[in-house]
Amino acid sequence: SFSVDYGSCVYKSKGMKTMLLNFIWFEMMRQIKYRATNEGIVVNAPDSSKAVATGNLFNYYNDAVDTYKSIQSYISFS
């Protein structure tokens, strides 16, 4: 992880491990939202086939993208 001041912007990174874990978590949670059953494809929910609230799922993706952009900027400035 790092925090670099370049020009008028501060680039902050949470580290590559955190970035990859956030991307993986987002994709896994997004893909297992649906479940294939004998009755067809339903939304994966306990004891029903109703939609489940995603909560702050997109925060994981946004944090990963911000870290990715910071790392790319750090590489291009170095």
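**A note on how α1 and α2 pack**

1. Let's start with the helix pair. Helix α1 (residues 16-31) and helix α2 (residues 57-77) have axes that come within 8 Å and cross at roughly 145°. The crossing of α1 and α2 is left-handed. Please keep in mind as you read on that this is a predicted model.

2. Which residues of α1 and α2 make the contact? From α1 come M16, M19, N22, F23, W25, F26, M29 and R30. From α2 come L57, F58, Y60, Y61, D63, A64, V65, T67, Y68 and I71. Sorted by class, this contact of α1 with α2 has 14 nonpolar residues, along with two polar and two charged ones.

3. Next, the charged side chains. How many salt bridges does the structure hold? There is one salt bridge, and the side chains that meet in it are those of K14 and D63, at 3.6 Å from N to O. K14 sits in the loop between β2 (9-13) and α1, while D63 belongs to helix α2, so this pair ties together parts that are 49 residues apart in sequence. D63 is also among the α2 residues in the helix contact.

4. Now for the rings: the count of aromatic pairs comes to seven. One of them joins F26 and F58, a tilted pair with 5.4 Å centre to centre and 55° between the planes. This pair links distant parts of the chain, with F26 in helix α1 and F58 in helix α2, 32 residues apart. F26 is buried, with a relative accessible area of 6%, whereas F58 is partly exposed at 48%.

5. F26 has another ring partner, Y61: their centres are 4.8 Å apart and their planes are at 40°, so this pair is tilted. Because F26 lies in helix α1 and Y61 in helix α2, the pair ties together parts that are 35 residues apart in sequence. Y61 counts as partly exposed, with 33% relative accessibility.

6. Finally, the cluster. Which residues do the ring pairs link together? They link F23, F26, F58 and Y61 into a cluster.

Notes
Residues numbered from 1 in each chain as written. Predicted model: local features only at pLDDT ≥ 70, side-chain atom pairs only at ≥ 80, totals over all residues. Heavy atoms only, no water. Axes fitted to C-alpha atoms, helices over the stretch in contact; angles between N-to-C directions. Helix = DSSP H or I, 4+ residues; strand = E, 2+ residues; numbered from the N terminus. Left-handed = near helix turned anticlockwise from the far one by under 90°. Contact = heavy atoms within 4.5 Å. Nonpolar A, V, L, I, M, F, W, Y, C, P; charged D, E, K, R; others polar. Salt bridge = Lys/Arg side-chain N within 4 Å of Asp/Glu carboxyl O. Phe/Tyr/Trp six-rings, centres within 6.5 Å; stacked < 30°, edge-to-face > 60°. Buried < 20%, exposed > 50% of the residue type's maximum accessible area, 1.4 Å probe, protein only.
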